[in-house]
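Work through the exercises below with the model open beside you. Try each task before reading its solution.

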Amino acid sequence: MGSPEGGEQGSILRAATRLFAALGYDGTSIEQIAEAAGVDAAAVGTHFATKRRLYLTVMEEAHRALAAVLDARAGELRAAPPERRAEALHRLIDGYIDLCAEKPEIPALWMHRWLSDASDIDLEPLNAQALTQRSIDSIDALAKPAGADGQFITYTMIWCIHGFAMSGVLDGTGQRRHAGDPRTLRRFRAHMHQLIARGLLLPDPDPRQSP
């Protein structure tokens, strides 16, 4: 993830994204961001008046990336006729896995917030809860007939995908395998499809149809 703009402002935003994702807002200083961006602290202040403003810009970028995937895929699920809902659900799962695998800074930023990082900064204007609720409402169309809890099915998807994107898994030799390992990513993808499908009493998906 990075700024659509290049130059000094883009370098600062990219550096801030990496550091906020790695260390959290509370653990990152303007001086660290400046050093990582290859500029002085005064230059950061020229583009972003405060660390808070810079953080909000980073989170706005993250929210846009999330919304582009979740709103599109959740919308497809809501609009799908009953016989196509399972297919649309699996596209939603794949879209979220792909986003978090390609941009692990996004789940990292939100996992810091889950641990009360930047707790004094209200992100309600970004409507993160509204974005999640639209996904829940879409999945409810499959959850209710199965007697499942659409909210917890949705959060199970989010928790698992964030955890895998951030931590991966340990293999039999004790080495950590992440989303960058194609075989591990395929296994995780198949597991998530199976987990959510079984929670909604759907047939197991054909693994040959996964990316």
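**Exercise 1. The cavity**

Which residues line the largest cavity?

Solution. Note at the outset that this is a predicted model.

Step 1. Start with the count: the structure holds one cavity of 30 Å³ or more. The volume of the largest cavity is about 30 Å³.

Step 2. Leu70, Tyr96, Thr132, Ser135, Thr154, Met157 and Ile158 line the largest cavity.

Step 3. Assign the lining to elements. At least two residues come from each of α7 and α8. The top contributor is α8, with three residues.

Step 4. Sort by class. The lining of the largest cavity has four nonpolar and three polar residues, and no charged ones.

**Exercise 2. The pocket**

Solution. 

Step 1. Take the volume. The largest pocket holds about 350 Å³ of space.

Step 2. Find the centre. Of the 17 lining residues, Trp110, Trp114, Ala128, Gln129 and Thr132 lie nearest the centre of the pocket.

Step 3. Two or more residues come from each of α4 (51-79), α6 (105-114), α7 (128-146) and α8 (150-167). The largest share, four residues, belongs to α7.

Step 4. Sort by class. Ten lining residues are nonpolar, four are polar and three are charged.

**Exercise 3. The nonpolar core**

Which residues of the largest nonpolar core touch the most other members?

Solution. 

Step 1. The core has 63 residues, and Phe20, Ile33, Leu54, Leu89 and Leu200 touch the most other members.

Step 2. Find the main contributor. Helix α4 gives the most to this core, with twelve residues.

Step 3. Leaving out residues up to four places away in sequence, Ile33 touches Ile12, Ala15, Ala16, Leu19, Phe20, Thr28 and Leu54.

**Exercise 4. Aromatic pairs**

How many aromatic pairs does a search of the whole structure find?

Solution. 

Step 1. Count. The search finds six aromatic pairs.

Step 2. Take Tyr25 and Tyr55. Their rings sit 4.7 Å apart centre to centre, with 55° between the planes, so the pair is tilted. Tyr25 is in the loop between α1 (7-23) and α2 (30-37) and Tyr55 is in helix α4, so the pair ties together parts 30 residues apart in sequence.

Step 3. Check burial. The cut-off for buried is under 20% relative accessible area. Tyr25, at 10%, counts as buried. Tyr55, at 1%, does too.

Step 4. Take Phe164 and Phe188. This pair is stacked, at 4.1 Å centre to centre and 10° between the planes. Phe164 lies in helix α8 and Phe188 in helix α9, so the pair ties together parts 24 residues apart in sequence. Phe164 and Phe188 are buried.

Step 5. Look for a cluster. Ring pairs link Phe20, Tyr25 and Tyr55 into one.

**Exercise 5. A buried threonine**

Is Thr184 buried or exposed?

Solution. 

Step 1. Locate Thr184. Its place is in helix α9 (residues 182-199).

Step 2. Apply the cut-off. The relative accessible area of Thr184 is 6%, so Thr184 is buried.

Step 3. List contacts. Not counting residues up to four places away in sequence, Thr184 touches Phe164, Val169, Arg177 and His178. Phe164 is also a member of the stacked pair with Phe188.

Note on methods
Residues numbered from 1 in each chain as written. Predicted model: local features only at pLDDT ≥ 70, side-chain atom pairs only at ≥ 80, totals over all residues. Heavy atoms only, no water. 1 Å grid on protein atoms, 1.4 Å probe; cavity = no way out; pocket = protein on both sides within 12 Å on 5 of 7 lines; lining within 4 Å. Points joined across faces, edges and corners; volume = space filled by probe spheres on them. Nonpolar A, V, L, I, M, F, W, Y, C, P; charged D, E, K, R; others polar. Core = buried A, V, L, I, M, F, W, Y, C linked by side-chain atoms within 4.5 Å. Buried < 20%, exposed > 50% of the residue type's maximum accessible area, 1.4 Å probe, protein only. Contact = heavy atoms within 4.5 Å. Phe/Tyr/Trp six-rings, centres within 6.5 Å; stacked < 30°, edge-to-face > 60°.
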